[in-house]
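Hi there,

Here is the model I promised to pass on.

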Amino acid sequence: MTITAENPTQTADRRVLSYSPLPTPIEILGELPLGEAREALVERSRSEIADVLAGRDDRLLVVVGPCSVHDPAAALDYAGRLAALAREVSEDLLIVMRVYFEKPRTTVGWKGLINDPALDGSYDIPRGLRTARRLLLDVLDLGLPVGCEFLEPTSPQYIADAVSWGAIGARTTESQVHRQLVSGLSMPVGFKNGTDGEVQVAVDGCRSSASRHVFFGTDAEGRAAVVETAGNTDCHVILRGGTGGPNHDAASVASAVASVAKVGLPGLVMVDASHANSGKSHERQAEVVAELAERIGAGEDGISGVMVESFLEAGAQSVDAAELVYGKSVTDACIGWDTTEEGVRALAAGVRAGRRG
Ligand SMILES: O=C[C@H](O)[C@H](O)COP(=O)(O)O
Ligand SMILES: C=C(OP(=O)(O)O)C(=O)O
């Protein structure tokens with residue numbers, strides 16, 4: 001039998017339907033360059049975020065924005081409002097916009113704007129990469145740093161230069177592939193606790209990613225490559241609750257802080273007000289944000305950051321709806337803009353009160 005690229009062997013790829021080439025990272029970066037002004041913002045904000053996460057800056061990091069981006073225009077509209085709010089509270093809060101393009105699913109579902117930008121199963125990933133990168137540049141132009149979850153091991157090659165903070169989700173926090181990836185990322189990265197509520201896997205993720213790793217990857221030309229990384233020492237834990245219930249309460253935070261401190265990490269964690277900490281209810285999420293603001297104001301230490309899922313409209317809608325409501329999440333329910341302003345201002349007031357106390 002003749003060995004060809006289309007038919008390299010009889011026994012492999014029996015379930016692969018097709019391969020189609022992606023543009024290389026260098027092509028996309030060349031089409032949509034970061035440029036000096038945005039680069040300066042990314043550099044500055046990464047270092048400010050690292051300072052907050054290590055307790056060298058007494059502000060609170062707030063990663064806030066839609067559960068997922070499905071409509072770049074609505075995301076940019078949101079970014080314009082958030083940029084103004086971020087300026088208003090900048091003495092107390094360091095605001096990073098959640099601009100999530102990759103969605104890890106419990107089973108199956110829409111996997112985000114990069115995977116399926118038309119939301120219709122056409123999976124135009126090259127278009128998704130370009131749309132995502134364009135949006136990142138546009139958000140940076142508003143003066144707002146951006147946070148993304150990294151899911152596909154090669155996607156950071158196309159966008160990570162524009163990202164100031166990264167996340168590894170609950171479903172991948174225990175994955176060696178993702179820990180290796182983080183070890184080479186240039187920005188601070190948060191590891192979520194596992195979906196079962198286990199915090200140690202996130203602590204282990206931080207420890208693993210702080211190390212040098214050698215692994216399979218791709219280079220900027222899109223070639224398969226051996227990647228060697230130096231390790232990322234700016235990693236932290238995110239408490240998102242689990243199947244056993246929430247873990248945003250003071251006792252859970254103190255216990256997580258003890259776990260991170262035990263391995264020599266700064267004794268600080270981020271608390272996700274959404275996901276299993278809100279039972280995916282946006283109404284409950286607003287209450288969790290208010291509770292966290294109150295506790296920070298009362299002098300509780302240990303919380304360096306808060307994550308909030310927020311969009312223009314409250315709630316969520318099905319991605320399959322015939323007509324989508326503008327500015328409403330197609331994944332998890334988000335708090336709406338008015339509630340977001342209230343919550344962010346409450347967190348800022350909490351930080352001020354905590355400093356006085
Ligand atoms: O943040 C988003 C979701 O919680 C996550 O992607 C899992 O979603 P699913 O359980 O609807 O698949
Ligand atoms: C998927 C997310 O969260 P988690 O990994 O905590 O479920 C998310 O933050 O979008």
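Predicted model: local features only at pLDDT ≥ 70, side-chain atom pairs only at ≥ 80, totals over all residues.

How many bridges join strand 3 to strand 4, and do the two run parallel or antiparallel? Three bridges join strand 3 (residues 146–149) to strand 4 (residues 165–168), and the two run parallel. One of the pairs is E149 with its bridge partner A167 in strand 4. Strands here are DSSP runs of E of at least two residues, and helices are runs of H or I of at least four, both numbered from the N terminus. Two strands pair if DSSP finds at least two bridges between them.

Residues are numbered from 1 along each chain as its sequence is written, chains are lettered from A and ligands numbered from 1 in the order in which they are written, and side-chain values use heavy atoms, with hydrogens and water left out.

Eight strands close into a barrel with parallel pairing, in the order 1-2-3-4-5-8-9-10. From one strand to the next, the twist averages 30°. Helix 3 (residues 72–88) packs on the sheet and touches strand 1 (60–65) and strand 2 (93–98), with contact meaning heavy atoms within 4.5 Å. The direction of helix 3 makes about 175° with that of strand 2; axes are lines fitted to C-alpha atoms, for helices over the stretch in contact, and angles run from 0 to 180 degrees between N-to-C directions.

**Ligand 2**

Around ligand 2 (a heavy atom within 4 Å) you will find R98, Y100, K103, P104, E149, G169, A170, R171, K192, R240, H275 and E309. Oxygen atoms of ligand 2 lie 2.9 Å from a polar side-chain atom of R171, 2.7 Å from an N or O atom in the side chain of K192 and 3.2 Å from one in H275. The protein covers 97% of the 290 Å² of accessible area that ligand 2 has on its own (Shrake-Rupley method, 1.4 Å probe).

**Ligand 1**

The shell of ligand 1 consists of C67, K103, P104, R105, T106, R171, H275, K280 and D332. Taken alone, ligand 1 exposes 340 Å², and the protein buries 84% of that.

Happy browsing!

Conventions. Polar contact = N/O pair within 3.5 Å; in protein donor to acceptor, adjacent residues only side chain to side chain.
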